[in-house]
Amino acid sequence: MTSFAQNSRDKGALNDKPDWGMWLFILLDMTTFGLFFAVFLWEMSNHRDSFNADAAHLMIPLGLINTLVLLTSSYAVVLAVHAGKARDTGSAARHLRLALGAAGLFFTIKMTEYTLEVRGGHTLTSSPFFSFYFILTGIHLLHICIGTILLSNWRNDVIRGKKVAERWMESVAAYWHMVDLLWLVIYSLVYIGSNA
Amino acid sequence: MRKEQLININPAARRTLRLCGWFGPISIGICLVGLVVAGALPFPLGPDNTQEEVVAFYSGGTHVVMGLAVASVGLGLMALLIAGITFVMWKSEGDAPILTLIQLVTGTITVACLMFPIMIMAIAAFRPGRFGELTVLMNDISWLLFITPIAPFIAQDISIAIAILTTERELFPRWLGYFNLWVGFTFTFDIITYAFREGPFAWNKLLILWLAFLSYSLWAFAMGYGVLKAIPAQASGNYVTLEDAG
């Protein structure tokens, strides 16, 4: 059986129209996160004081660094798409390596943050705020891991000199930008909004 | 290759396959009616209900036990949709239908994991005069078994998605592949409900029960539609009938 990326690439070579199914996935995924955000805001309105007190324990600078890391990775993915369309494989591979490095850094910082929070006595069930904190950032981290697999797949194809369909590149890039956008909302709501 | 050549079956088999597709929405409909008649929906018992409330629900009368029995029948009939999906995937995959087999096994386990908890609820309502703690235990077992066995269903979704997005022979529409990935995602966090006996992540709340119920229902409708759409409008006429064979 051929790989997911290779088959998508082959099919993309025949048909480079936008992949509307991918946009459907992004819409549904963001709607699901939107549901989580709505419930989070509802719970915060009911437990304003405890949310404020718990949010004060979050490491906002680490969250800010992760925000900058993800924004950098998103920019690198944009440049990789441009390089891919221009058939500049060297530049595409370099930018994808940068994006993957940023994803790895994000993961490392997030795990460090989890470790510090747990050592500080904040766990999944210690309070309503930290339940949301661990669950929201946890499912976002799952998205980061899936995106890392997709970016790695793309980069492997570039390194091996295979033709990568524009539709495939744009779909992976759109997914990665969604992950970035979701993090911006999580950072704004959980780190900043709850602390305000 | 054209759809007529891929699904080259006799009229009786076409009718059976069409029935399999229709049993996606029909199963959900039967299950929904059963759960509403039983009173399990729209306000299901939660982990924070008292022993008296749990016993009172299961002592509610014949409509409770029969509603749950009907719901279990509805969920069991979902096996027909699994069979329909299996057949279409098998025709798409061709010689080495590994993803089809994964879908068949995981889909069958999922149907069992949905059906048995509802049957345990029905058994709890069968003899509600027992010690209240036992009824609470049966209620916990049934709801947690209903919500948390996510691995088979996620594996089923992913196998369907990979088959649709990678196969050359598109019998299912491409968007259905991405849709399956989303449905799988909506189940990923359901296991956290083990950690919560109250709050928004308890088993009966929006983000756990209702999101999963909605996405599973949409999945059953969408996959039923996919199976029906995969059946060509006209048979190719190249199938071998008993008369031809004789």
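How many helices and strands does chain B have? Chain B has 11 helices and 0 strands, where helices (H or I, at least four residues) and strands (E, at least two) are DSSP runs numbered from the N terminus. The model is a predicted one, so local features need pLDDT of at least 70 and side-chain atom pairs count only at pLDDT 80 or more, while totals for chains, interfaces and linings use all residues. Residues are numbered from 1 along each chain as its sequence is written, and chains are lettered from A and ligands numbered from 1 in the order in which they are written.

Written out from the N terminus, the elements of chain B read α-α-α-α-α-α-α-α-α-α-α. Of its 246 residues, 46% are buried; a residue is buried if 20 or more other C-beta atoms lie within 10 Å of its own, exposed if 12 or fewer, and partly exposed in between, with C-beta atoms placed from the backbone. Among contacts in chain B with a separation of 6 or more, 80% link residues 24 or more positions apart. Here, contact means that the C-beta atoms of two residues, placed from the backbone, lie within 7 Å.

Next, a helix pair in chain B. Helix H2 (residues 11-38) and helix H10 (residues 206-230) of chain B pack at about 165°, with their axes 8 Å apart. Axes are lines fitted to C-alpha atoms, for helices over the stretch in contact, and angles run from 0 to 180 degrees between N-to-C directions. H2(B) is therefore roughly antiparallel to H10(B), given that angles under 35 degrees count as roughly parallel, over 145 as roughly antiparallel, 65 to 115 as roughly perpendicular and the rest as oblique. Residues on the H2(B) side of the contact include B:Gly21, B:Trp22 and B:Pro25, while those from H10(B) include B:Phe221, B:Gly224 and B:Val227. By class, the contact has 10 nonpolar, 5 polar and 1 charged residues; Ala, Val, Leu, Ile, Met, Phe, Trp, Tyr, Cys and Pro count as nonpolar, Asp, Glu, Lys and Arg as charged, and the others, Gly among them, as polar.

Helix H9 (residues 174-187) of chain B is mostly covered, with 12 of its 14 residues buried. Among them are B:Tyr178, B:Trp182 and B:Phe185. The buried residues of H9(B) pack against helix H2 (20-46) of chain A, as well as helix H8 (150-166) and H10 of chain B.

As for the interface, 24 residues of chain B are in contact with 24 residues of chain A. H9(B) gives the most to the side of chain B that touches chain A, with 9 residues. That side has 18 nonpolar, 5 polar and 1 charged residues.

The largest nonpolar core holds 123 residues, and B:Leu68 and B:Leu81 have the most contacts inside it. Such a core is a set of buried Ala, Val, Leu, Ile, Met, Phe, Trp, Tyr and Cys residues joined through C-beta atoms within 7 Å. Setting aside neighbours within four places in sequence, B:Leu68 touches residues including B:Gly34, B:Ile118 and B:Met121.

Over in chain A, A:Asn66 is found in helix H4 (residues 60-85). A:Asn66 counts as buried because it has 24 C-beta neighbours inside 10 Å. Beyond its neighbours within four places in sequence, A:Asn66 is in contact with A:Phe106, A:Ile109 and A:Lys110.
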